[in-house]
Amino acid sequence: MTESTPAPYVGPTRVLSGIQPSGALHLGNYLGALIKFVALQDQRPYLFVADLHAITVWQDPAKLAEQTREIAAAYVAAGLDPAKASIFPQSAVRAHAELGWIFNCVARLGWLDRMTQFKEKSGKHKERSSVGLYTYPVLQAADILVYKATHVPVGEDQKQHLELTRDVAAKFNHDFAQPGFFPLPEPLIQGPGARVMSLRDGTSKMSKSDPSDYSRINLTDDADAIAQKIRKAKTDPEPLPDNLEALKARPEADNLVGIFAALSGETKEAVLARFSGQGFGAFKPALVEVAVETLAPVGERMRRLMQDPAEIDRILADGAQQASEVAEPVLAEVRKIVGFWAPRGAGLA
Ligand code: TYM
């Protein structure tokens, strides 16, 4: 084939994202992902609970379905309306796994070797990691492209996986001579909540796997726990500066200003304009107020929803049905493009 500019994708705008059911959700998930999903809900997003991804590391089978319901409850508690967003378990739409396999044959080993998250998660025990953990970003590409999604709201840690998704889409389109078949999806990452750092160390990411519970605010923390964790958050003795440049060398201060901005829907500049010259003795109580006001009701709604698992199951089943209606026809097209057997005369309409 001669190389030329690839044909642009012509198709509807479609928003999609997912969260793993592998532990309690925290403020990073809320600011990096959930509130963005809510802001985009009029686009009728596809939002799943990434249970296939969760089992790349050991999950207790007795708890996985419950953890899946918990993420669904968090979606709704954060403000998503199941009449607008399709909320579903990833494993309930089989097309993800099937396209994932096909993409395993499109993606190159060299691409996966570059993935920093695999290196972080496998640590010193690479040879003892599951094969699924290694090929995880390829399944993520399938999650996105099986809906021909065009926009993917995520935190900054997913940027490299989105780049791989674009590479897979472009290679598939090229190898099978189907210009513009898959879109090259855009990550939606911007904003002060895109990378929330640990409350104990401003240089490491807030994460479920940090052994210290004081490093993160969990979505299910009550008002007292939220206040206590913010009061104990690491800071420095200087007053807040009046410009972003001066914040850069102060990771803990930078993080708390970013959290304030993301929670209150302001820019970091606006937060600094209000608090510059003041120390953390004044800033932290204001942060506690905005954090409790925003997060405590989400936790409360989550706890209430979890008491009605039948309602959550109904949301997940409806969502899976809606998602399958989009994913199955795309997978059928892909099967035909790849050349898989189908009964003669059973072409696509
Ligand atoms: P997961 O479950 O680790 O995280 C869910 C979302 O939360 C964001 N996030 C953060 N944002 C800001 N600061 C933090 N400290 C922070 N920690 C987590 C993540 O960026 C993510 O948006 N691979 C994905 C799940 C996934 C997916 C997909 C996402 C599977 N398939 C397809 C989008 C599209 C993951 O493990 O997210």
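I am working from a predicted model, in which local features need pLDDT of at least 70, side-chain atom pairs count only at pLDDT 80 or more, and totals for chains, interfaces and linings use all residues. Residues are numbered from 1 along each chain as its sequence is written, and side-chain values use heavy atoms, with hydrogens and water left out.

Overall form. I noted 14 helices and five strands (DSSP runs: H or I of at least four residues for helices, E of at least two for strands).

Ligand shell. I found 28 residues around the ligand, the closest being Gln 20, Tyr 136, Asp 143, Asp 157 and Val 196 (a heavy atom within 4 Å). β1 (16-19), α1 (27-39) and α7 (131-145) each give the shell at least two residues.

Polar contacts. I took these as pairs of N or O atoms within 3.5 Å. The side chain of Tyr 136 places an N or O atom 2.6 Å from a ligand oxygen. For Asn 29, a polar side-chain atom is 3.1 Å from an oxygen atom of the ligand. Asp 143 has a polar side-chain atom 2.6 Å from a ligand nitrogen. I then checked burial: the ligand alone exposes 720 Å², and the protein buries 97% of that (Shrake-Rupley method, 1.4 Å probe).

Note on methods. Polar contact = N/O pair within 3.5 Å; in protein donor to acceptor, adjacent residues only side chain to side chain.
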